[in-house]
Amino acid sequence: MAKTGAKKRDLNRTGYLFVLPFVIIFLIFSVYPVFRTLYLSFTNYKGYGDAVWTGIDNYIRVVKDKFFWRDLWNTIKIWGVNIILQLGLAFLLTIVFSDIKYKMRGLAIFRAIYYLPNLIAATSVAFLFKTLLDWKYGSFNQILMALGLTQQQVNWLGSTSTAPYVVSVIGAWMWFGNSFIVLMAGVQGIPKDYFEAAAIDGAGRWKVFARITLPLLKPIMLYVFVTSLIGGLQLFDLPFLMQGAAPGTAGEPSGSLQTVVMYLYKFGFETHQVGYASAIAYTLFFIILIVSIIQFKTLGGEED
Amino acid sequence: MKLKKLISVMLAGVMVLGLTACGGSGTSGGGSASGSSSSSGGTQAEAGTEAGDTGSSQAAGGEKLVVWTLAADLEQFADYYMEKNPDVAIETVVIEPANYVTKVQTALNGGQKEPDIIVGEPQMLEDFYDAGYFEDLNQAPYNAQDYADQIVDYVWEVGQDAEGIQRAISYQITPAGIYYRRDIASAVFGTDDPDEIGKLFADYDTILNTAQTLKGAGYRIFASDAEINYFSGDSAWVIDGNLNVDQGRLDYMDLCVSLYKDDLTAYANQWSTPWYQAMAGTVPILSADIQNYADDSVNVWDAEQFAEATAGMDTTEVFAFGLPSWGVLTMRDNVLETSGKWGVCAGPSYGFGGGTFIGISSQSERKELAWDFLKFCTLNEDTANWWIVKSEGDTVSLVPVLEAHAEDANEVYGGQQLYAFWLNQAKGIDYSKVTRYDKAIGDAWASAITAIKTGEKSKEDAISEFYDVVESTYPEITVNR
């Protein structure tokens with residue numbers, strides 16, 4: 001008995017050796033920066049020289065900073081529209097592909113195609129849409145005018161009333177494939193018996209969806225929601241790259257495309273106030289944490 | 001089992017943190033690298049001098065020098081140096097300006113011994129000095145103070161930190177001037193004399209009058225409305241911790257708005273195709289209706305696209321450009337058949353723009369060789385003479401060479417003696433007006449101007465927003481509204 005116990009422990013030790021490389025890299029590149037940023041958020045560190053402890057001054061500054069809240073609101077607007085479109089589209093496709101009556105073929109191919117936009121670098125996507133949405137010569141405006149849907153070109157990226165939502169739509173286009181795959185996996189995880197039983201009992205398509213698919217997908221939806229929120233509130237690359245198309249509409253002072261992380265970037269890399277940038281990062285973290293908890297409570301209530 | 005649970009909970013927790021603090025990962029990237037430097041701040045100098053000693057033996061072996069620069073000029077300097085010193089290999093890394101500061105910070109905070117030579121533009125230097133990146137050039141064996149009278153005064157001062165210690169030296173001076181078309185001047189104003197034309201740019205009101213006169217004669221005073229920017233810094237943005245928006249700034253704002261609203265420019269953005277084309281002659285007028293600032297489609301960088309987009313528009317010729325002395329190089333490549341028809345005169349105030357300042361990294365292990373290279377680039381008459389020829393007209397900072405070339409006639413400018421002019425302009429520059437806040441505050445001011453001239457905001461709202469931006473960006477600055 002004792003012998004096998006010792007052997008077991010030996011095996012465990014080998015296991016630790018196997019994960020060691022990951023743990024070391026994880027500690028250096030993930031854990032350390034996280035705590036280092038936390039520490040810096042309580043200092044006036046400028047990117048060089050000494051970091052002088054300033055207590056919660058930076059956090060007080062964040063709370064009082066109207067541009068932080070404006071940019072948070074910008075971010076939420078962009079994310080909000082994005083997640084509705086993204087999940088809506090993913091859901092629609094999930095319903096179509098999971099319906100046992102339709103018996104859609106070629107799921108693997110469609111899945112790959114839908115996922116493709118996710119694989120394109122944000123830089124390319126930004127460039128592509130900047131070209132398509134160009135005010136004067138963009139194909140999109142040309143098509144709209146050719147179809148007679150609009151008399152004048154719409155300045156999609158140059159107007160504060162359209163630019164944020166353009167980014168939302170592009171985001172939805174980029175990420176709906178990912179949500180679709182996850183939702184589809186969730187649906188496939190639901191035992192077929194339920195659907196068959198429902199079909200035998202004469203339940204309609206909508207009833208099956210509302211009573212079986214939706215409730216059983218809750219944990220998956222929660223996952224999609226939370227990861228989307230985490231990614232969405234950290235939105236940086238798309239708006240950062242798209243704003244160049246429209247000087248005067250982005251950045252200060254009327255920057256409707258300026259997100260929280262772009263604001264953070266300004267302090268971390270442009271004005272060299274690393275301490276304050278770190279405080280913005282942690283404030284954002286706490287906001288995401290709180291919203292995630294609320295999501296868990298409301299969506300995942302039954303799971304607890 | 002309990003331990004396992006605890007560990008897994010901890011790991012999961014950290015993962016969530018890792019995910020969410022990703023926004024912070026950028027910052028922590030810069031921050032983490034600095035971990036070592038903040039603690040070794042005191043020892044850095046010691047290590048530096050020590051390294052200097054060992055560096056000499058390495059330099060005698062004379063193999064390699066690493067230069068990090070944002071101006072491609074230094075590549076040519078390095079080639080010339082290697083030509084003269086075949087036993088030295090210089091590795092020149094040209095870094096995009098937007099990334100330059102971060103790269104240097106990351107490398108030097110991380111305690112790297114390379115680069116040996118780093119450079120900075122004026123608005124970066126104060127931070128670099130504070131960070132201790134530049135070697136003290138006043139100490140032996142450099143004794144830079146011995147060379148003080150050889151370099152134009154304001155350039156020498158820009159290279160000094162707050163304590164007056166020499167940290168960097170530039171090979172060029174960059175005073176600003178108004179580049180104007182002599183043929184248009186003669187036709188409209190009856191003279192092309194630089195002193196007389198300078199009077200037409202004496203202050204903002206006069207500039208507006210000049211602009212109206214030119215418009216009446218079928219010309220435009222400027223291609224863009226940003227041409228006076230280099231002359232707008234007649235007061236410091238920050239004085240004793242207080243934001244200083246003096247009347248000159250407000251007048252500059254009004255000038256830009258008037259130039260835009262009254263169709264007094266050709267509505268080109270600086271550095272865009274039509275802006276360059278205006279140097280060579282006729283350009284289309286991209287009036288405010290055609291080109292609002294939210295649209296870049298006409299303001300393209302591709303000449304063919306531009307020609308296609310603007311076919312059939314009204315055209316004009318542009319009278320003047322406001323640029324620092326390095327504008328000579330920009331004009332050289334773009335004036336084409338208007339060569340010889342240009343002149344340069346003084347603007348409404350003394351101004352300067354840019355300039356590459358060279359220093360030795362305090363952590364370099366090849367300081368002796370680095371100093372030799374620095375001297376070669378900035379304090380060597382042969383190099384300065386070579387550079388004037390090589391660059392076809394850049395303005396060097398070495399006084400003896402500037403004086404020797406004072407009577408050089410530049411044919412692009414109808415034989416005008418430009419070096420004498422620049423040297424004279426450089427004498428008027430007051431560097432004490434430059435602060436580390438200039439870029440961010442200047443950008444915010446420019447945004448306010450754009451918002452007003454495009455009608456997006458009223459003047460009052462735009463200025464109020466400007467104050468908000470300054471307050472939120474630099475809480476240490478007091479804003480008196």
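In which sense do strand S1 (residues 64-69) and strand S2 (residues 89-94) of chain B pair, and over how many bridges? Please describe the surroundings of this pair as well.

Reply: The model is a predicted one. In chain B, S1(B) and S2(B) pair in the parallel sense, and 6 bridges join them.

Two residue pairs illustrate this pairing. Val66(B) stands opposite Glu91(B) of S2(B), and Trp68(B) has Val93(B) in S2(B) as its bridge partner. In a regular strand, side chains alternate between the two faces of the sheet.

S1(B) is mostly covered, as 5 of its 6 residues are buried. A helix also lies across the pair: H3 of chain B, made of residues 73-84, lies across both S1 and S2 of chain B. Relative to S2(B), helix H3 of chain B runs at about 175°.

An open sheet of 5 strands in chain B has the order S2-S1-S3-S12-S4, and its pairing is mixed. The edge strands of this sheet are S2 and S4 (169-170) of chain B, each of which pairs on one side only. In the order of the sheet, S1 of chain B stands between S2 and S3.

Helix H18 (residues 438-453) and helix H19 (residues 459-473) of chain B pack with their axes 9 Å apart, at an angle of about 160°. Because of that angle, H18(B) is roughly antiparallel to H19(B). Their crossing is right-handed. On the side of H18(B), the contact is made by residues including Ala440(B), Ile441(B), Ala444(B) and Trp445(B). On the side of H19(B), the contributors include Lys459(B), Ala462(B), Phe466(B) and Val469(B). By class, the contact of H18(B) with H19(B) has 12 nonpolar, 1 polar and 2 charged residues.

Chain A may be set beside this description. The secondary structure of chain A comes to 12 helices and 0 strands. Of the 304 residues in chain A, 37% count as buried. Among contacts in chain A with a separation of 6 or more, 73% are between residues 24 or more positions apart. One residue of chain A, Tyr45(A), lies in the loop between helix H1 (2-40) and helix H2 (57-64). Tyr45(A) is buried because 29 other C-beta atoms lie within 10 Å.

Conventions
Residues are numbered from 1 along each chain as its sequence is written. Chains are lettered from A and ligands numbered from 1 in the order in which they are written. This is a predicted model: local features need pLDDT of at least 70, side-chain atom pairs count only at pLDDT 80 or more; totals for chains, interfaces and linings use all residues. Axes are lines fitted to C-alpha atoms, for helices over the stretch in contact, and angles run from 0 to 180 degrees between N-to-C directions. Helices (H or I, at least four residues) and strands (E, at least two) are DSSP runs, numbered from the N terminus. Angles under 35 degrees count as roughly parallel, over 145 as roughly antiparallel, 65 to 115 as roughly perpendicular and the rest as oblique. A crossing is left-handed if the near helix is turned anticlockwise from the far one by less than a right angle, and right-handed if clockwise. Two residues are in contact if their C-beta atoms, placed from the backbone, lie within 7 Å. Ala, Val, Leu, Ile, Met, Phe, Trp, Tyr, Cys and Pro count as nonpolar, Asp, Glu, Lys and Arg as charged, and the others, Gly among them, as polar. A residue is buried if 20 or more other C-beta atoms lie within 10 Å of its own, exposed if 12 or fewer, and partly exposed in between; C-beta atoms are placed from the backbone. Two strands pair if DSSP finds at least two bridges between them.
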